[in-house]
Amino acid sequence: IGWAACMQMFIACTCGLVGGYTLYTGIKFTDNMVQVPTRIIALSLLFGIASLFTYQNGFGCFFIPFFVGFITTKKIIKNIYIGIVFSLLTYGLYYLIFKYSIHTYATGISDRTAITTNPINKLLFLFGRPIATAFHFTYLFNEKSILGLVVYCLVISAWLGSTLTRQKAVPLSQRTMYLLGLVIFFILIYLPSLIVKENYSSNRTLFALDVAVFFWVTETLLSFFKKDMLKYNVAGLITILFLLNGWYNFNKQFLNPVAEEYSILKKFVTQHYRPGIITTINSMPLS
């Protein structure tokens, strides 16, 4: 878990983001013809495959540049289609390399990697747990917390109401496509965890989804302020709140409990250990 938190997630998410950004900025249109330089394709593939082999859910960051473009334009434009198709090709190439490596090194496959046969159940899981957790932002809730569920329902209801109010002059078909586009992006971002049978939304699988939901909600919030200065002030306030919550999470939720646990363990060993002990005390090995 320490490796995953400190290095593995950083490598996977950064490579995924760089791969997506490289492709996003490299797509050019000339006379309605798509032009993507070969070096851009190669770099994007390289970073994408590196992300998937490091930690599959980190590849969700590949979609963040395209998602930001989507929530600002409120439509799926050509470069987004290209990004989606390219991401699926990256997944396909990764799968082939992965299967080849399994065959070459005769590595066993974990039961956790079994493919799901119930897509409806996985969609219910996506909107019932991972996305619900993403709406908690950096505040930590118990996975089955009633308060966490209430916050999720309130925030998403407020977003839906404000969006329908802002877009009441927009044709219904366009609003429907916008909501459908959000669902598609969330599925693509969290795809590695939706393919397998296991329904477990650990925090380390949620980074890309958390970032997408944050951009989504923040874009809606800032749209209510017309003056740039107000937007800067609100963004600054949000930053301060996240910094304070980050300090609280690190010190009160992680560091202090671990330090207290080790202190209790040290005290126990100090009180009960004597030279020559080679057995266990209360099932705790001491030598």
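**Exercises on helix packing and a salt bridge**

Helix α2 (residues 38–54) packs against helix α4 (residues 78–105) at an angle of about 55 degrees, and their axes lie 10 Å apart. This is a predicted model, in which local features need pLDDT of at least 70 and side-chain atom pairs count only at pLDDT 80 or more. Residues are numbered from 1 along each chain, and side-chain values use heavy atoms, without hydrogens and water.

**Exercise 1.** Classify the orientation of α2 and α4, and describe their contact.

*Solution.* Step 1: angles under 35 degrees count as roughly parallel, over 145 as roughly antiparallel, 65 to 115 as roughly perpendicular and the rest as oblique. Step 2: α2 and α4 are therefore oblique to each other. Step 3: contact means heavy atoms within 4.5 Å; the residues of α2 that meet α4 include Ile41, Leu45 and Phe53, and those of α4 include Phe86, Tyr94 and Phe98. Step 4: by class, this contact of α2 with α4 has eleven nonpolar, three polar and no charged residues.

**Exercise 2.** Determine how α5 is oriented relative to α8.

*Solution.* Step 1: helix α5 (residues 119–128) and helix α8 (residues 172–189) pack at about 95 degrees, with axes 11 Å apart. Step 2: α5 is therefore roughly perpendicular to α8. Step 3: Leu123, Leu126 and Phe127 of α5 make the contact with Val183, Phe186 and Ile187 of α8.

**Exercise 3.** Find the salt bridge and state which parts it ties together.

*Solution.* Step 3: Glu219 lies in helix α10 (residues 207–222) and Lys74 in the loop between α3 (64–73) and α4, so the pair ties together parts 145 residues apart in sequence.

Methods
Axes are lines fitted to C-alpha atoms, for helices over the stretch in contact, and angles run from 0 to 180 degrees between N-to-C directions. Helices (H or I, at least four residues) and strands (E, at least two) are DSSP runs, numbered from the N terminus. Ala, Val, Leu, Ile, Met, Phe, Trp, Tyr, Cys and Pro count as nonpolar, Asp, Glu, Lys and Arg as charged, and the others, Gly among them, as polar.
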